[in-house]
Amino acid sequence: QVQLVESGGGSVQPGGSLRLSCATSKRPVNTSCMGWFRQISGMSREGVALIGNDGRTTYADSVKGRFTISQDNAKNTLYLQMNNLQPEDTAMYYCAAGRACNTESLTILGTYWGQGTQVTVSS
């Protein structure tokens with residue numbers, strides 16, 4: 001079973017930056033897609049960014065130009081660099097891995113989830 005552990009969340013002022021990390025204990029060969037999702041209290045979880053094994057990335061419109069997803073395969077770590085954070089970015093952020101990316105719906109098939117890390121943006 002894949003284990004995903006997020007870190008890097010915290011509180012920042014609007015316009016600030018954070019980098020989230022997701023360490024994986026192991027990555028089975030059938031996890032061809034990884035991504036970041038977020039959930040605002042009382043709302044559904046939404047896709048933020050996906051990255052496939054081929055390096056192709058997909059972003060939600062709300063974060064394009066501000067967030068960057070990347071992965072270090074040697075370290076089995078996924079990252080999300082978040083710049084120019086805004087109060088509407090406040091949410092619990094989750095790392096996920098699965099067998100395929102669905103770039104149209106910004107979801108991952110056969111998803112494993114981490115426990116989440118809180119990001120709060122306020123002045």
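This is a predicted model: local features need pLDDT of at least 70, side-chain atom pairs count only at pLDDT 80 or more; totals for chains, interfaces and linings use all residues.
1. Let me start with T120: apart from neighbours within four places in sequence, T120 is in contact with G10, S11, V12 and T90, where contact means heavy atoms within 4.5 Å. T120 sits in strand β13 (residues 117-121); strands here are DSSP E runs of at least two residues, and helices are H or I runs of at least four, numbered from the N terminus. At 26% relative accessibility, T120 is partly exposed; buried means under 20% relative accessible area, exposed over 50%, and partly exposed in between, with a 1.4 Å probe and protein chains only.

2. Residues are numbered from 1 along each chain as its sequence is written, and side-chain values use heavy atoms, with hydrogens and water left out.

3. Now the sheet. Four strands form an open sheet in the order β1-β3-β8-β7, with antiparallel pairing; two strands pair if DSSP finds at least two bridges between them. At the edges are β1 (4-7) and β7 (67-72), each pairing on one side only. On average, neighbouring strands of this sheet are turned by 15 degrees against each other, direction ignored; axes are lines fitted to C-alpha atoms, for helices over the stretch in contact, and angles run from 0 to 180 degrees between N-to-C directions.

4. Inside that sheet, β3 (residues 18-24) and β8 (residues 77-82) pair in the antiparallel sense over six bridges. S21 belongs to β3 and stands opposite Y79 in β8. S21 is buried, at 16% relative accessible area. Beyond its neighbours within four places in sequence, S21 has contacts that include V5, W36 and Y79.

5. D89 lies in the loop between β8 and β9 (91-98) and is buried, with a relative accessible area of 1%. Not counting residues up to four places away in sequence, D89 touches R38, R66, F67, N84, V119 and V121.

6. Finally, the largest nonpolar core has 32 residues, and W36, L80, M82 and Y93 have the most contacts inside it. Such a core is a set of buried Ala, Val, Leu, Ile, Met, Phe, Trp, Tyr and Cys residues joined through side-chain atoms within 4.5 Å. Strand β9 gives the largest share of this core, five residues.
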